[in-house]
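Hi,

Here is the structure I promised to pass on to you. Please open it first, and then read my notes below alongside it.

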Amino acid sequence: MIVASRSPAKVALVTMVIVVALIWTLFPLYYLFLTSVKSIRTIMERPPRLIVWPSFETYEHIFIKEQFYQFFVNSFIIASGSTILALIIGGTAAFAFSH
């Protein structure tokens with residue numbers, strides 16, 4: 001059995017590519033969460049801060065003062081219904097194509 005030796009430069013290059021790809025992928029999610037826990041005044045600051053003290057006022061406003069749960073239930077009903085309908089139509093179409 002032949003084992004290919006990896007040069008340190010190749011390992012470093014692959015590691016750097018993976019780290020850059022992870023930062024490229026995860027930074028937007030971090031910034032999305034960070035913006036969701038900022039206060040309104042902090043969101044509008046220029047340049048934007050990347051480290052802030054979280055404020056959950058917006059979540060409190062959405063979950064307690066607004067009708068979020070009603071909107072969520074409505075969306076869940078529509079999404080479930082359309083999924084079930086697509087499965088029924090797709091299943092019967094697949095059965096028809098297979099015979």
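Of the 99 residues in the protein chain, 7% count as buried, where buried means under 20% relative accessible area, exposed means over 50%, and partly exposed covers what lies in between (1.4 Å probe, protein chains only). Please keep in mind that this is a predicted model, in which local features need pLDDT of at least 70 and side-chain atom pairs count only at pLDDT 80 or more, while totals for chains, interfaces and linings use all residues. Residues are numbered from 1 along each chain as its sequence is written, and side-chain values use heavy atoms, with hydrogens and water left out.

On overall shape, the radius of gyration of the protein chain is 24 Å, whereas a compact globule of 99 residues would have one near 13 Å. That radius is taken over C-alpha atoms, and the globule rule is 2.2 Å times the number of residues to the power 0.38. The C-alpha trace spans about 60 × 55 × 20 Å along its principal axes.

The protein chain has four helices and zero strands, giving the pattern α-α-α-α along the sequence. Both kinds of element are DSSP runs numbered from the N terminus (helices: H or I, at least four residues; strands: E, at least two).

The protein chain exposes about 9,100 Å², with carbon and sulfur atoms supplying 76% of it; accessible areas come from the Shrake-Rupley method with a 1.4 Å probe, and for residues only the protein chains shown count as cover. V14, I18, L22, L26, L29 and L32 make a nonpolar surface patch of about 580 Å². Patches are made of residues with over 30% relative accessible area and no salt bridge, joining like charges within 9 Å and nonpolar side chains (Val, Leu, Ile, Met, Phe, Trp, Tyr) within 5 Å.

What about the charges? There are 7 positive and 4 negative side chains in the protein chain, and the centres of the two sets lie 19 Å apart. Lys and Arg count as positive and Asp and Glu as negative, leaving out His and the chain ends; each charge is placed at NZ of Lys, CZ of Arg, CG of Asp or CD of Glu.

Side chains of opposite charge can pair when their charged atoms come close. With a salt bridge defined as a side-chain nitrogen of Lys or Arg within 4 Å of a carboxyl oxygen of Asp or Glu, the count comes to two. E45 forms one with R41 (3.9 Å, N to O), and R41 is exposed at 63% relative accessibility. E45 also forms a salt bridge with R49, with the closest N and O atoms 2.9 Å apart, and R49 is partly exposed at 41%. Through shared partners, the salt bridges join R41, E45 and R49 into one network.

V37 is buried, with a relative accessible area of 2%. V37 and E57 are 20 residues apart in sequence and 7.8 Å apart in space, C-alpha to C-alpha. R46 and P47 are joined by a cis peptide bond, with omega about -5°. Towards the other end, S98 lies in helix α4 (residues 68-98) and is exposed at 53% relative accessibility. S98 and S75 are 23 residues apart in sequence and 34 Å apart in space, C-alpha to C-alpha.

Best wishes
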